[in-house]
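Here is a short briefing on one protein model. Look over the structure first, then work through the points below.

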Amino acid sequence: MRTKNLLIGTLVLGLAALSAVYFHQEAPASAPVKKPLIPLDTLKNLQSLSIKANNRSVTVMLESDGTWAVKEKFGLPVDVENRLQPLLLSLQKAENLGMLTANPKRLEKLGLADSSLTLKAKEGNALVLEIGKPTDDGAGSSARWQGEPQAIRTSFQGYLESDPTAWMDPVLWNVKAEEIKAFHFTFADGKLDFARAEKGKPFTGKEGSVLEELANNLSVLRIQDAVAKDDKDAVKAFAKTWSIQVELFDGAKLTATFAKLTGATPNEMPKLFVRAQHSDAKHKTNLVGAKAEFQAPSWLAEQIPDSLADFKKKVEPPAAKPGENTPNSGPVINFGAPGGAPIPLGK
């Protein structure tokens with residue numbers, strides 16, 4: 001009996017020892033402790049953000065009225081939706097994944113000196129994060145706090161846009177095309193006025209299609225750059241202007257005053273400048289327009305008439321001369337009898 005009990009005890013001890021070894025081997029290794037890359041308080045109380053990259057730099061600042069402005073572009077509003085929010089969201093999600101390297105030779109290869117992000121909150125010193133190449137594991141960018149001897153791994157994958165122009169809000173006004181009640185044109189060679197009968201109805205008459213297209217093009221007035229009020233090209237261009245006033249069904253009136261500067265060479269695209277005004281003196285459009293002159297997208301120059309003659313040409317394109325192909329037609333060939341009508345071939 002004693003021998004039997006001894007065997008059972010030995011077996012139990014053996015199983016316990018095996019279990020201990022098994023569970024010790026299978027226990028997962030503790031993962032490195034993750035922590036936010038940027039302190040949450042810094043992001044919550046952010047006052048300014050500066051980016052340096054690609055030999056350019058930009059600073060955006062929180063104004064006293066709660067809006068964000070681009071310092072290098074005359075304090076014009078920031079494109080919050082497409083620039084600021086995506087970057088802040090990336091920073092909010094980014095984590096510090098621990099030390100990457102302190103080896104001087106390896107640090108040089110990370111390109112940490114090429115790009116940096118400076119964050120300034122209401123209180124405390126500015127935080128300067130140097131951002132380098134992506135890490136080999138693809139988790140995110142390598143980084144280093146300015147002044148620290150080592151680089152860290154991060155999960156930050158945001159894009160550092162350093163062009164001040166790209167940070168500007170490009171929209172001077174934004175309305176729906178169907179809200180436009182009337183157009184009032186003032187050209188150097190004459191004036192024109194057109195109105196819809198009622199909201200939701202298209203412009204009528206032979207000018208209808210041109211006005212509908214214009215409503216689509218001018219419902220959102222965009223810019224591609226801003227220059228100083230005393231910019232020589234802008235001053236020269238605005239010596240001769242024309243304007244298009246957009247009247248809305250709610251009574252508001254938006255006026256776009258255009259000016260064009262031809263290129264110095266035949267191959268150089270002309271510059272199209274625009275000033276925007278709102279009938280409400282306190283409207284954002286007027287406040288923004290007081291800060292700078294704006295260059296409109298080059299494609300808009302082809303879409304809007306710059307004279308009474310140009311408007312009439314858009315409404316009634318000149319008829320093709322006999323034997324001349326219209327812009328939308330292809331070459332023609334006559335398959336019929338001599339003297340028969342030619343048949344156009346599509347492009």
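Helices and strands here are DSSP runs, numbered from the N terminus; a helix needs at least four residues and a strand at least two. By that count, the protein has 10 helices and 21 strands. Keep in mind that this is a predicted model.

**The whole protein**

- The protein has 347 residues, and 37% of them count as buried.
- Its accessible surface comes to about 21400 Å². Carbon and sulfur atoms account for 53% of that surface.
- Take the contacts between residues at least 6 apart in sequence: 58% of these join residues at least 24 apart.

**The largest pocket**

- Rolling a probe the size of a water molecule over the atoms shows where empty space is left.
- The largest pocket has a volume of about 270 Å³.
- Its lining is made up of 15 residues. Closest to the centre are Ala 53, Ser 115, Ile 131, Gly 132 and Leu 160.
- Strand S8, residues 127-134, gives the largest share of the lining, with 3 residues.
- Sorted by class, the lining has 6 nonpolar, 7 polar and 2 charged residues.

**Arg 196**

- Find Arg 196 in the loop between strand S13 (190-195) and helix H6 (208-218).
- Is Arg 196 buried or exposed? Its relative accessible area is 8%, so Arg 196 is buried; the cut-off for buried is under 20%.
- The side chain of Arg 196 makes a polar contact with the side chain of Glu 212, at 2.9 Å.
- A polar atom of the Arg 196 side chain also lies 2.6 Å from the backbone oxygen of Ile 180.
- Leaving out residues up to four places away in sequence, Arg 196 touches several others, among them Ala 177, Glu 178, Lys 181, Phe 203 and Phe 249.

**Ser 219**

- Ser 219 sits in the loop between H6 and strand S14 (220-222).
- Why does Ser 219 count as buried? Its relative accessibility is 8%, and buried means under 20%.
- Which backbone oxygen lies 3.2 Å from a polar atom of the Ser 219 side chain? That oxygen belongs to Asn 216.
- Beyond residues up to four places away in sequence, Ser 219 touches Trp 173, Asn 174, Val 175, Lys 176, Ala 177 and Ile 180.

**Where the two residues meet the chain**

- Ala 177 is touched by Arg 196 and by Ser 219.
- Ile 180 is likewise touched by Arg 196 and by Ser 219.

How values were computed. Residues are numbered from 1 along each chain as its sequence is written. This is a predicted model: local features need pLDDT of at least 70, side-chain atom pairs count only at pLDDT 80 or more; totals for chains, interfaces and linings use all residues. Side-chain values use heavy atoms; hydrogens and water are left out. On a 1 Å grid over the protein atoms alone, a cavity is a set of points where a 1.4 Å probe fits but cannot get out, and a pocket is an open set with protein on both sides within 12 Å along at least five of seven lines; lining residues have an atom within 4 Å of a point. Grid points are joined across faces, edges and corners, and a volume is the space filled by probe spheres set on the points. Ala, Val, Leu, Ile, Met, Phe, Trp, Tyr, Cys and Pro count as nonpolar, Asp, Glu, Lys and Arg as charged, and the others, Gly among them, as polar. Buried means under 20% relative accessible area, exposed over 50%, partly exposed in between (1.4 Å probe, protein chains only). A polar contact is a pair of N or O atoms within 3.5 Å; within protein, one must be able to donate a hydrogen and the other to accept it, and residues adjacent in sequence count only if both atoms are side-chain atoms. Contact means heavy atoms within 4.5 Å. Accessible areas come from the Shrake-Rupley method with a 1.4 Å probe; for residues, only the protein chains shown count as cover.
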